[in-house]
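Have a look at the structure first.

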Amino acid sequence: VCAQRDRLQTRLGALEAECAALSTARLHSSDELSQLRDDNVKLYEKIRYLESFNAELPARRRQRDLEAAAVEGKYAPLYEARVSPFARWTKEERGRGEGRMGGVERVVMGVSRIALRNRLTRLFVFIYMSSMHLLFLFLLNRYSLCVHAKRE
């Protein structure tokens, strides 16, 4: 029993060391990933800068393969978010405003964002609200006519 306990303790120590090494490797990889992402955004910024001076370059870029365009499309929003101070300020203000909201207000805000996100949902909400208003006005008119008929 003691030998089994010693083997398990040794194995536990080895597994803990392996877990610590993997954790360190994961942290190192995530740091490296963020550094590479920043480097790619800087490279995209340099590409945009060079394209602004050379009018012939965009014509050549159109001829390149779709894979390069997809990679650049991946980093374009990151570049725009980094460059635009207005976008950063808007994001911070939105976060502050949502932080001050109550639970019901957050739910209403989320539903309105979903409902107004694209053209089709906006059209559906408009048609639904218009039909509800028309139905209400029709029923109110019918009710007033019935009440007026009963009085006579």
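## Starting at Tyr75

Leaving aside residues up to four places away in sequence, Tyr75 touches Arg37, Asn40, Val41 and Tyr44. This is a predicted model, by the way. Tyr75 itself sits in helix H3, which covers residues 66-83.

Is Tyr75 buried or exposed? Its relative accessible area is 10%, and the cut-off for buried is under 20%, so Tyr75 counts as buried. For a sense of distance, take Glu32: 43 residues separate Tyr75 and Glu32 in sequence, and their C-alpha atoms are 17 Å apart.

## Out at Val1

Now for the start of the chain. Val1 lies in the segment before helix H1, the helix that spans 2-53. Its relative accessibility is 88%, and anything over 50% is called exposed, so Val1 falls in the exposed class.

Pair Val1 with Arg122 and you get 121 residues along the chain, with 71 Å between the two C-alpha atoms.

## The overall build

What does the protein consist of, in terms of helices and strands? The count is 6 helices and 0 strands, and the order along the sequence reads α-α-α-α-α-α.

On to the dimensions. The radius of gyration is 31 Å, whereas a compact globule of 152 residues would be near 15 Å. Along the principal axes, the C-alpha atoms take up a box of roughly 100 × 75 × 30 Å.

Of the contacts with a separation of 6 or more, 51% are between residues 24 or more positions apart. The touches made by Tyr75 with Arg37, Asn40, Val41 and Tyr44 give you a local look at how the chain meets itself.

## Surface and charge

How much of the protein is buried? Buried residues are 5% of the 152 residues, and Tyr75 is one of the buried ones. The accessible surface amounts to about 13600 Å², with carbon and sulfur atoms contributing 64% of that.

As for charge, there are 27 positive and 19 negative side chains. The centres of those two sets are 8 Å apart.

The mean pLDDT is 84, and 90% of the residues score at least 70. Among the elements, helix H6 (residues 119-151) has the highest mean pLDDT at 92, while helix H2 (residues 57-62) has the lowest at 52.

Note on methods:
Residues are numbered from 1 along each chain as its sequence is written. This is a predicted model: local features need pLDDT of at least 70, side-chain atom pairs count only at pLDDT 80 or more; totals for chains, interfaces and linings use all residues. Side-chain values use heavy atoms; hydrogens and water are left out. Helices (H or I, at least four residues) and strands (E, at least two) are DSSP runs, numbered from the N terminus. The radius of gyration is taken over C-alpha atoms; the globule rule is 2.2 Å times the number of residues to the power 0.38. Buried means under 20% relative accessible area, exposed over 50%, partly exposed in between (1.4 Å probe, protein chains only). Contact means heavy atoms within 4.5 Å. Accessible areas come from the Shrake-Rupley method with a 1.4 Å probe; for residues, only the protein chains shown count as cover. Lys and Arg count as positive and Asp and Glu as negative; His and the chain ends are not counted. The place of a charge is taken as NZ of Lys, CZ of Arg, CG of Asp or CD of Glu. pLDDT is the predictor's confidence in each residue, from 0 to 100.
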